[in-house]
Amino acid sequence: MSHDPAPTAERLHATCIAFGEFGVLLIGPSGSGKSDLALRLIDEGGFGIGTSRLEAALVSDDQVLLQRQGDEVMASAPATIAALLEVRGLGIVRPARRKDRVPLRLIVRLVERQAIERMPDPAFPAATLLGIEIPEISLCAKDVSAPAKVRCALQIITGTGRLIGFSDRNSS
């Protein structure tokens with residue numbers, strides 16, 4: 001039995017934000033808040049759980065091109081919408097902070113608040129894109145804390161922040 005190799009490229013209905021050299025993919029159905037969360041991430045240069053400001057830049061809104069490059073999934077914008085962000089109620093804008101291409105480090109699945117587990121397992125589950133596993137979390141984009149949660153998750157995944165597991169809680 002032959003196995004078909006994983007595709008090396010695909011286009012997703014999603015939004016991608018960059019924090020320095022790391023990409024975060026926001027996925028969810030239409031109206032789930034991808035563009036709104038992207039705007040808040042770009043506008044609010046927060047700290048998450050770290051001591052350094054994590055400023056965000058737009059990679060792509062609404063459609064994201066993914067390409068496998070070695071052991072990484074690279075995200076970029078289709079040429080027709082590069083550097084453009086839809087702001088509901090205003091129209092299309094061109095944020096000053098933008099990035100052309102980044103390797104993905106985190107997938108944020110946007111869901112309704114009641115679908116989020118209050119105390120999930122401290123190990124992030126992984127989603128597979130183009131044959132590569134990428135850590136994934138679920139968030140409600142409507143939560144005021146959603147931008148801070150994205151920054152916290154990225155810091156934990158990249159090793160600049162720490163998630164306290166059940167066995168660690170009494171030792172701090």
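Residues are numbered from 1 along each chain as its sequence is written, and side-chain values use heavy atoms, with hydrogens and water left out. In this predicted model, local features need pLDDT of at least 70, side-chain atom pairs count only at pLDDT 80 or more, and totals for chains, interfaces and linings use all residues. Helices (H or I, at least four residues) and strands (E, at least two) are DSSP runs, numbered from the N terminus.

Helix H1 covers residues 34-43 and helix H2 covers residues 146-158. The two pack at an angle of about 75°, with their axes 9 Å apart. H1 is therefore roughly perpendicular to H2. Axes are lines fitted to C-alpha atoms, for helices over the stretch in contact, and angles run from 0 to 180 degrees between N-to-C directions. Angles of 65 to 115 degrees count as roughly perpendicular, under 35 as roughly parallel, over 145 as roughly antiparallel and the rest as oblique. On the H1 side, Leu37, Arg40 and Leu41 make the contact (heavy atoms within 4.5 Å). On the H2 side, Ala146, Pro147, Val150 and Arg151 take part. By class, this contact has five nonpolar, no polar and two charged residues. Ala, Val, Leu, Ile, Met, Phe, Trp, Tyr, Cys and Pro count as nonpolar, Asp, Glu, Lys and Arg as charged, and the others, Gly among them, as polar.

H1 is mostly covered, with seven of its ten residues buried. Buried means under 20% relative accessible area, exposed over 50%, and partly exposed in between (1.4 Å probe, protein chains only). The buried residues of H1 are Lys34, Ser35, Leu37, Ala38, Arg40, Leu41 and Ile42. Their cover includes S1, S2, S3, strand S6 (85-87), S8 and H2. Ser35 lies in H1. With a relative accessible area of 18%, Ser35 is buried. Its side chain makes a polar contact with the side chain of Asp61 at 2.6 Å. A polar contact is a pair of N or O atoms within 3.5 Å; within protein, one must be able to donate a hydrogen and the other to accept it, and residues adjacent in sequence count only if both atoms are side-chain atoms. Beyond neighbours within four places in sequence, Ser35 is in contact with Thr15, Asp61, Leu85 and Glu86.

In H2, the buried residues are Ala146, Pro147, Val150, Arg151, Cys152, Ala153, Leu154 and Gln155. Strands S1 (9-19), S2 (22-27), S3 (56-60), S8 (101-110) and S10 (132-139) are among the elements that cover them, as is H1. At 1.5 Å a residue, the 13 residues of H2 should span 18 Å, and the end C-alpha atoms are 18 Å apart, which agrees. The expected span is 1.5 Å times one less than the number of residues. Gly159 follows H2 and has a positive phi, near 85°.

Gly48 sits in the loop between H1 and S3. At 32% relative accessibility, Gly48 is partly exposed. Gly48 touches Ala148, Arg151, Cys152 and Gln155, not counting residues up to four places away in sequence. The C-alpha atoms of Gly48 and Ala153 are separated by 8.4 Å, although the two are 105 residues apart along the chain.

Glu21 belongs to the loop between S1 and S2. The side chains of Glu21 and Lys99 make a polar contact at 3.0 Å. Ala75, in strand S5 (residues 72-76), is buried at 0% relative accessibility.
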